[in-house]
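User: Please take a close look at the ligand site in this structure. What surrounds the ligand, and how is it held in contact with the protein?

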Amino acid sequence: MNAQALGSLNDLDPNYPVPRVHEFLADPTNSAMLDYVYNDPFGCHVFPGDIEGYPLGQFFQDMDQEIGQARQIHLWAYIPTCRYRCHFCQYPTVILNPKAASSQQVFTDVVDYNIKEASLWLQKVPALATAQVGEFNIFGGTPSLLPEAELRRLMGFYRSHFDFSAATLRFEGEPGTLNKPYLSLLKELGFTKISFGAQSFDDRIISACGRMHSAQECVDTIEYARAIGLEWVSVDLIYGMLGQAVDDVKYDMEKTLELDLSHVVIAKLHMEEFMKTRTGVSGERQSHWQRKGLINIGDMTFPGLGKQYQMRELVEQYLAPRYNEQPTMYFHRQHQPPEKWKGLITNLDTQYPEVAIGLGGSSKCTRAEAINITGYNAYKQALDEGRLPIDQSRGVSPLHREVNAFKMALSTLIPVDDQVFRQRFDGRSYHDNPIISQALQGLQAKTLVRVDGEQVQLTPNGVTLVEAVINTQFAAAQA
Ligand SMILES: C[S@@+](CC[C@H](N)C(=O)[O-])C[C@H]1O[C@@H](n2cnc3c(N)ncnc32)[C@H](O)[C@@H]1O
Ligand code: SF4
């Protein structure tokens, strides 16, 4: 067993109860899961294919066929510009001073290349032009740095080339840039949902992770948004960062309830390389904290795993009365629906295709997936040469389609229903799939899931450890 990981698990705050998962992770038979959570990547976002070197032509054909059949799709555009680089971040970013004259050309280029890429997608995958977009997301990076004229140009293109008749429009920003005029512009352009990273509501911790905004700016953004009728505001928080104590997460939870946030995404600090598991938006560079290691600064230390799980338990305890977690890490107010785009791509009865336009984006359907180039120069060069900037594509074999569908369904935290599964897979039960059935036996033995008639439900430990369940237990079952 990894002594470092075990030491980290035993780093506990004596003022809070020992977390529920401590006993499980300390058990030597669960050492693979302990190692995983000690060094975990963002594991739940993309479910990789098992056929490497999949021909691009076949990938487009699969996407075209499934997009043509899906009731809706998730479409997103990624804008990589940021005005600083946060110490935990591995996303592919282009750092600039938004006020510098030279940056204006960068914004124009980013939009030009995005439009060029989307146009190539429309050529390669004709079904995209008529598919109903369920949710359109502008992710980042920091899209809220885009000057008004560039944002209008980008939206004009998407509105006139895709079917937005049923689309929810969601926009990701950064609190220092989501001011009143910008929020009004978003509302005018049809956005009804905004999200941004706060990471914490404590200025000391916000600054220690390299961010250049205050907690008050986060509160102002939420209030401005409400004042102009943008009711749905999601805030990203992280636990496990430099200087963060369990008490600080308690403060963040009190603030979340006081602000009555419509939605909150709460992630454990992830340190492993994204590229190893081909996740959401893949980074080409390590984060600052990965490069330097978890070095304490002055009296600020990184909380160990034990404290991180004490933090996670506080999150559950504070949010349970008013919020539901669905999918993992995404908490929505009980009287409002869960995050739509996540449901479209991960719920067992949908799992519709998604198409990502932009640096490092990942697109997928059930038969194939692909990730974009993450280096900005190589990305631009591909588009200049008239090629889509796809770095790698993988196919998914029939057996793995079922495994991916099951793993994705687990990540939603909704019980996985065999009846729905059988409808999706021509009458095949998940028990008929040798990888799923073997994994389920192991998971039941570890009491991470309960099998109740036709339903598989994660136990409380299973919910806390769902990323590790998905990324270690099914791989172990395959080996
Ligand atoms: C790419 S950011 C987009 C939001 C926007 N750029 C901002 O920072 O305000 C999406 C979210 O991912 C989370 N995130 C990024 N890297 C992470 C890491 N290494 N560990 C945990 N969460 C991370 C942060 O909470 C961040 O707000
Ligand atoms: S977390 Fe957001 S603002 Fe910070 S560097 Fe990453 S993308 Fe940019």
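Analyst: A polar contact here is a pair of N or O atoms within 3.5 Å. By that cut-off, Arg211 makes one with ligand 1: an N or O atom of its side chain is 2.9 Å from an oxygen atom of the ligand. Keep in mind that this is a predicted model.

Two further contacts come from the backbone. A backbone N or O atom of Gly141 lies 2.7 Å from a nitrogen atom of ligand 1. A polar backbone atom of His270 is 2.9 Å from a nitrogen atom of the ligand. On its own, ligand 1 has 560 Å² of accessible area, and the protein covers 93% of that.

Now the wider shell. It holds 17 residues. Gly141, Arg211 and His270 are among the closest, together with Gln199 and Asp236. By class, the shell has 6 nonpolar, 6 polar and 5 charged residues.

Where in the fold do these residues sit?

The lining has 16 residues, and Glu66, Gln69, Thr366, Arg367 and Arg424 lie nearest the centre. Helix H4 (56-69) and helix H15 (398-411) each give two or more residues to this lining. H4 provides the largest share, with 3 residues. By class, the lining divides into 5 nonpolar, 5 polar and 6 charged residues.

Note on methods
Residues are numbered from 1 along each chain as its sequence is written. Chains are lettered from A and ligands numbered from 1 in the order in which they are written. This is a predicted model: local features need pLDDT of at least 70, side-chain atom pairs count only at pLDDT 80 or more; totals for chains, interfaces and linings use all residues. Side-chain values use heavy atoms; hydrogens and water are left out. A residue is near a molecule or strand if one of its heavy atoms lies within 4 Å of it. A polar contact is a pair of N or O atoms within 3.5 Å; within protein, one must be able to donate a hydrogen and the other to accept it, and residues adjacent in sequence count only if both atoms are side-chain atoms. Accessible areas come from the Shrake-Rupley method with a 1.4 Å probe; for residues, only the protein chains shown count as cover. Ala, Val, Leu, Ile, Met, Phe, Trp, Tyr, Cys and Pro count as nonpolar, Asp, Glu, Lys and Arg as charged, and the others, Gly among them, as polar. On a 1 Å grid over the protein atoms alone, a cavity is a set of points where a 1.4 Å probe fits but cannot get out, and a pocket is an open set with protein on both sides within 12 Å along at least five of seven lines; lining residues have an atom within 4 Å of a point. Helices (H or I, at least four residues) and strands (E, at least two) are DSSP runs, numbered from the N terminus.
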